[in-house]
Amino acid sequence: MSYSEKKRSLKNLKYLLLFTFPALAFYFVFLFIPITSAIYYSFTDWSPVRPDYSFVGLNNYIEIFTRDRHFTNALRLTMRFTIFIFVLQNIIALGLALLVETRTKSKSFFRTIFFLPNMFSLIISSLMFRFIYTRVFVEVSELPFLGFFDQSWLGDPQVAFWSILIVSLWNGAGYMMIIYMAALQSVPASITEAAKIDGANGFRRLTKITLPMIMHAITICSFLTLIRGFQIFDVVFRLTGGGPGRATQVVALNIFEEAFQQPLRYGYANAKAMIFFAVILLITLIQTGVMKKMEIES
Amino acid sequence: MKSKNMINVCCLFFLAIFGFIAFFPIYMAVLNSFKTQGEMFTSVLALPNEWTLQNYVDTIQRMDIFRNIWNTVIVTLVGQTGIVICASLAGWRLSRTSGKLSSFIFILFLSSMLIPFNAIMVTLAQVASTLNLADSLIGLGLIYTGLGTSMALFLYHGFVKTVPRELEESARIDGCGEFQIFFKIVFPLLKPITATILILNSLWIWNDFLLPMIMLSNVNNQTLILAINRFFGEFTTDWPRVLSGLIMTSIPVVIFYVLFQKNIVAGIAEGAIK
Amino acid sequence: MKKIFCILLIAMGMLVFAACSNDGSGQGQTPSSGDRQQVELQVLIGQPRFREQYEHIFDLFIEKVAAEGIDLTISLEMPADNASAILQTRMATNNSPDIFNFHALVYGPTYFRAGWLADLSGQSFIDSLFPTARDAVTVEGNIIGLPLESVEWGYLLNYDIFQELNLAIPNTISEMRNVIAVLEANDIVPFQLAYGDAWVGGLNLPLAGGALINTIAPNFIEDMNAGVGSFAQLEAMFDIIDLADAHGSPRPFETGADQAAADFANGGAAMHIQGPWMADAILSVNPDFNLLVAPLPVTDDIAATMINVSYSTALGVSSFSEHQELAARLVNFFLDPAHTNDFFQSFGFDAVSYLHNFDSHPWQTLASELVEQGRAYLDPDIPGPVKVEFDVAISSYVAGTMTRAEVIQVLDETWATYLQYR
């Protein structure tokens, strides 16, 4: 390497560090330190009510999986919820996108309507639905043929699961619909027209042409619904508080309870947080694996 | 032709049903916020005999709503400024530099996007208190900078690749310094992606709940979402008043939506596909 | 574009600077103007329903110290739920309020041992306290707070209904069954339920559990603290829980404490397992309500049908406060001889001090009588985490997702964990 080249690369290095410094500084303080110390504390019995702590090895993790029924129940519930939201949200969003795309003049009107719920924060959505579940549905159920609405929407553990799901769908479907609509618009009309001329019916056109063409949107939406579904917190917090009992307590709420509502065992709470992290990581890895495979195929 | 009409009617029918579902809760909330409590008890579904604004008047007095809006604006402003500055500087430079170090730093940021907030909330609260950032609006904004930079950096990094290098090169030959090049030439070219980032982050920060709940405890520091959550706790039995609070809290976002609908929609599609 | 960027950069810098300088000046203490001292006290009290009363007292105090040249501002925070969690988070993050409320018996000792509470031993209010009140706020010889709320409580009756139907107040659980039968024969819902707030169901622990601890399981607390006890000793308390649940108001999980109080006030049910601290909420809905506090029957042993005497809310001064002296004075002010009768009556709290000479509330007559007869017990010393767990577990139990055995097991485990970390 010549002298001038060396000098230039040194200069490049200087500017690289200079320009990335602010981002790296924030990264270090608000991401790197929290995640590394969370890993570290997850192996201790650190507690805010005691001045010192000691290493307990894998004890926290062992306790979580052998004795902590609340956490394993929460994990199971969250996975169930994630699967439901993944399937339903994608079907509804894709369905809405397809329906809205059939419109010409009223397209933007319907898009506005369906996307509007997403503008409301999850806390506000949950409070609105609290009102719907506890007041409006009581009255709706008195109308003819609508007796079905007479449910203990927030009090029955089985029904409460669906109540939470409904709020999540109501709030989130519009967002995914936007992504699907963008993908649908990029499908060239000429291809579907050609298939139509070839005599392919609507359903065949959908499965053979449209869906493969928007595969990237499907994978993205799948990823987003899985990740967001697993992280659900706000809706449960405000709608049922995890109740009745702990019947709707999701993982994020369980960690929150351990860390902030009975702040006795920070070390233990961190161990739970790390398991949460591991699951998210797993979902992401599987997702990227699947995406890569599909990219190769297409 | 007949079957085509049938399909058309079917489509409209489903659209109407879903439109009803999407709009019904909002309609109910708005409707009942204009009723007195007595009237809501007689019927939730019916139109009020007498429209009252009393709930809104009470809520404005009780909730200190303008202060809460201002607080949220401060947090959003600090967070956005931090994110745009940090991410654009780093994203551009990382995209323009090849080499192991550059890709290492980029992967560092990329991998941090895997960290879910819930996994670090306990220790993040600790870090914030050590740095005296707990219960401070600016502190919260800085935390948002830390949490939001990675995603923005990723978007900038991708966008920079579509921006031709030639302009920068010729400026360099003209003797411009690197910072000058960035501010004078590059940053203006990044405008479209900056707009996308600002919109996505506004929605995120404005509607976020868990992080502010952990960080802010002083009543004077409440963001809008915290304030409405609290307001609900104080007036659980007075639904019309709570609903008026919900409506007022949502007004800023709905205005934002009406003004920027096109950009929001484009931003979401863009942010997702990258 | 560069301009915009520069402005953003400057704005950012200014904000960061402002944040730092803000922290530097600490909480509240702003430079004094003239001779007057400017002080801000942060007060965290988890009783939003008493906001007006507290604000009134603080205003009087602000006036009082203003005459001494202190410009006092008080920032009052009243979280609606999870007040103790908010307090604990703030403590853990070095962000302590100057004054806060806490449950004297449940959290007092823990907070004091954690070093959060300043010792108020030298304060003048102590001399006027009733001995029981004084004991309730004494930990290892230190006075950790001013006792505000003392309650003699059991469960609430709509006494008009009892009188109309000529019903005697039940002394045993069998008598309770008869009462329920008569009520239901007259189309009256026996129990008002409020599972929407888990703590309401949690009241069964100090009530039914407390009665058992003071009769059939006298060594329960010691056993538990020694690691040899079990909640199985208190299993009998599930009987009354089941009974109330089987004969309760509809939609219990969608009914919170406030809503239940309103429904109860409107004659929705004859009985409500809830404390007299809701009297204000009930009477504000229906001023003519004939409320009565009665002892909850738990078994067929009349000796177990007792009144619970508890000291709950106390006001403490943070040991981290920069204005401890003034904060202590403010706490002291609640037992100021000139005002304290008004204060305590405005809250509807019972007397805790010899200074208090107001009549007790009409709904407390029976409870006071029983306390005088000795049919009462001091609120059992159950650790905070166990109480919290009980709230949730009993909620699961009435929702049908946990069995008795599971509730007992989880409570035992929670107590064991608590011992580990004590």
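In the predicted model, zero salt bridges are counted between domain 1 of chain C and domain 2 of chain C, and the count of residue pairs in polar contact between these two domains, with both residues at pLDDT 80 or more, is likewise zero. The side of domain 1 of chain C that touches domain 2 of chain C is made up, by class, of three nonpolar, one polar and two charged residues. According to the domain assignment, domain 1 of chain C comprises 26-149 + 312-335, and domain 2 of chain C comprises 152-309 + 364-421. The centres of the two domains, taken over C-alpha atoms, are 31 Å apart, and the contact between them involves six residues of domain 1 of chain C and eight residues of domain 2 of chain C. About 580 Å² is buried between domain 1 and domain 2 of chain C, with 52% of this area on carbon and sulfur atoms. Of the area that domain 1 of chain C buries against domain 2 of chain C, 62% is supplied by C:Arg49, C:Leu105 and C:Val106, which is more than any other three residues supply.

Within chain C, the surroundings of C:Thr305 were also examined. C:Thr305 is placed in the loop that runs between strand E11 (291-294) and strand E12 (307-311) of chain C. Because its relative accessible area is 0%, C:Thr305 is classed as buried. A polar atom of the side chain of C:Thr305 lies 2.6 Å from the backbone oxygen of C:Asn171. When residues up to four places away in sequence are not counted, C:Thr305 touches C:Pro170, C:Asn171, C:Pro295, C:Leu296, C:Pro297, C:Val298 and C:Arg375.

Turning to the interfaces between chains, the contact of chain C with chain A takes 27 residues from chain C and 31 residues from chain A. The area buried between chain C and chain A is about 2500 Å², and carbon and sulfur atoms give 53% of it. C:Arg251, C:Glu254 and C:Tyr421 together supply 29% of the area that chain C buries against chain A, more than any other three residues. Three salt bridges are counted between chain C and chain A, and the side chains of C:Glu413 and A:Arg69 meet in a salt bridge with an N to O distance of 3.8 Å. Eleven residue pairs in polar contact, with both residues at pLDDT 80 or more, are found across the interface of chain C and chain A. On the side of chain C that touches chain A, the elements giving two or more residues are helix H3 (83-92), helix H17 (384-399) and helix H18 (404-421) of chain C, and H18(C) gives the most, with eight residues. By class, this side of chain C divides into eleven nonpolar, ten polar and six charged residues.

The contact between chain B and chain A takes 87 residues from chain B and 80 residues from chain A, and the two chains bury about 7700 Å² between them, 81% of it on carbon and sulfur atoms. Helix H1 (residues 2-33) of chain B gives the most to the side of chain B that touches chain A, contributing 16 residues. The residues on this side of chain B comprise 65 nonpolar, 20 polar and two charged.

Terms used
Residues are numbered from 1 along each chain as its sequence is written. Chains are lettered from A and ligands numbered from 1 in the order in which they are written. This is a predicted model: local features need pLDDT of at least 70, side-chain atom pairs count only at pLDDT 80 or more; totals for chains, interfaces and linings use all residues. Side-chain values use heavy atoms; hydrogens and water are left out. Domain bounds come from an automatic or database domain assignment. Contact means heavy atoms within 4.5 Å. Buried area is the accessible area (1.4 Å probe) that two parts lose on being put together, summed over both. A salt bridge is a side-chain nitrogen of Lys or Arg within 4 Å of a carboxyl oxygen of Asp or Glu. A polar contact is a pair of N or O atoms within 3.5 Å; within protein, one must be able to donate a hydrogen and the other to accept it, and residues adjacent in sequence count only if both atoms are side-chain atoms. Ala, Val, Leu, Ile, Met, Phe, Trp, Tyr, Cys and Pro count as nonpolar, Asp, Glu, Lys and Arg as charged, and the others, Gly among them, as polar. Helices (H or I, at least four residues) and strands (E, at least two) are DSSP runs, numbered from the N terminus. Buried means under 20% relative accessible area, exposed over 50%, partly exposed in between (1.4 Å probe, protein chains only).
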